[in-house]
Amino acid sequence: MPVFITYFLDSKLRRWLQSPGKIVSRSGIINGMEIMKLGCGSGSCTLEFARAVGEQGVLYAVDIQPIMINKLIKKLEKDENKDISNIETNVATAYALPFPESSFDVVCLGWMCSRKYRMLLVLYKK
Ligand SMILES: C[S@@+](CC[C@H](N)C(=O)[O-])C[C@H]1O[C@@H](n2cnc3c(N)ncnc32)[C@H](O)[C@@H]1O
């Protein structure tokens, strides 16, 4: 995915169209959960998910592109995000995830144009 798309993904317009707060509140994610954000990109919703699972929980942010994970790490270094310390970043493909079976309470993904059925088959076990 071309990196320039992150300018839209992180924009105020996108946050207005797809409010991360609403996505989190409708997702059923609660404090203490271990969740994976697959295809996290630059982390448009990832920070909200991390805050929702809190210090007792863990958010595993996974993306196939190292540049996206680096953008997320840069975001986490900002003062306004210093409250977040529960994100583990991973560069990996959705088809060969480096986690054992039954690792997650919830797997979140969105705006990924990959082969959906193959991916769902892998995710079902995670
Ligand atoms: C359009 S971006 C969306 C990012 C984020 N989900 C969002 O909604 O802002 C799609 C992301 O999925 C990642 N991606 C695509 N195929 C992938 C795969 N097979 N495994 C892991 N990540 C993948 C891309 O690298 C990209 O960062």
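This is a predicted model: local features need pLDDT of at least 70, side-chain atom pairs count only at pLDDT 80 or more; totals for chains, interfaces and linings use all residues.
Local features here need pLDDT of at least 70, side-chain atom pairs count only at pLDDT 80 or more, and totals for chains, interfaces and linings use all residues. Residue numbers start from 1 along each chain as its sequence is written.

**View 1. The open sheet has four strands in the order β3-β2-β1-β4, with parallel pairing.** Because β3 and β4 stand at the edges with a single partner strand each, one side of each has no neighbour in the sheet. Neighbouring strands are turned by 20 degrees against each other on average, direction ignored. β1 and β2 pair over five bridges, and Met36 has Tyr60 of β2 as its bridge partner. Strands (E, at least two residues) and helices (H or I, at least four) are DSSP runs numbered from the N terminus; two strands pair if DSSP finds at least two bridges between them.

**View 2. Helix α4 (residues 46-53) lies across β1, β2, β3 and β4.** Its angle to β2 is about 155 degrees (axes are lines fitted to C-alpha atoms, for helices over the stretch in contact, with angles from 0 to 180 degrees between N-to-C directions). Seven of the eight residues of α4 are buried, meaning 20 or more other C-beta atoms, placed from the backbone, within 10 Å of their own. Among them are Leu47, Phe49 and Val53. Just after α4, Gly54 takes a positive phi of about 70 degrees.

**View 3. The ligand is surrounded by 17 residues.** The closest are Gly39, Gly41, Ser44, Ile64 and Ala94.

Notes:
A residue is buried if 20 or more other C-beta atoms lie within 10 Å of its own, exposed if 12 or fewer, and partly exposed in between; C-beta atoms are placed from the backbone. A residue is near a molecule or strand if its C-beta atom, placed from the backbone, lies within 6 Å of it. Two residues are in contact if their C-beta atoms, placed from the backbone, lie within 7 Å.
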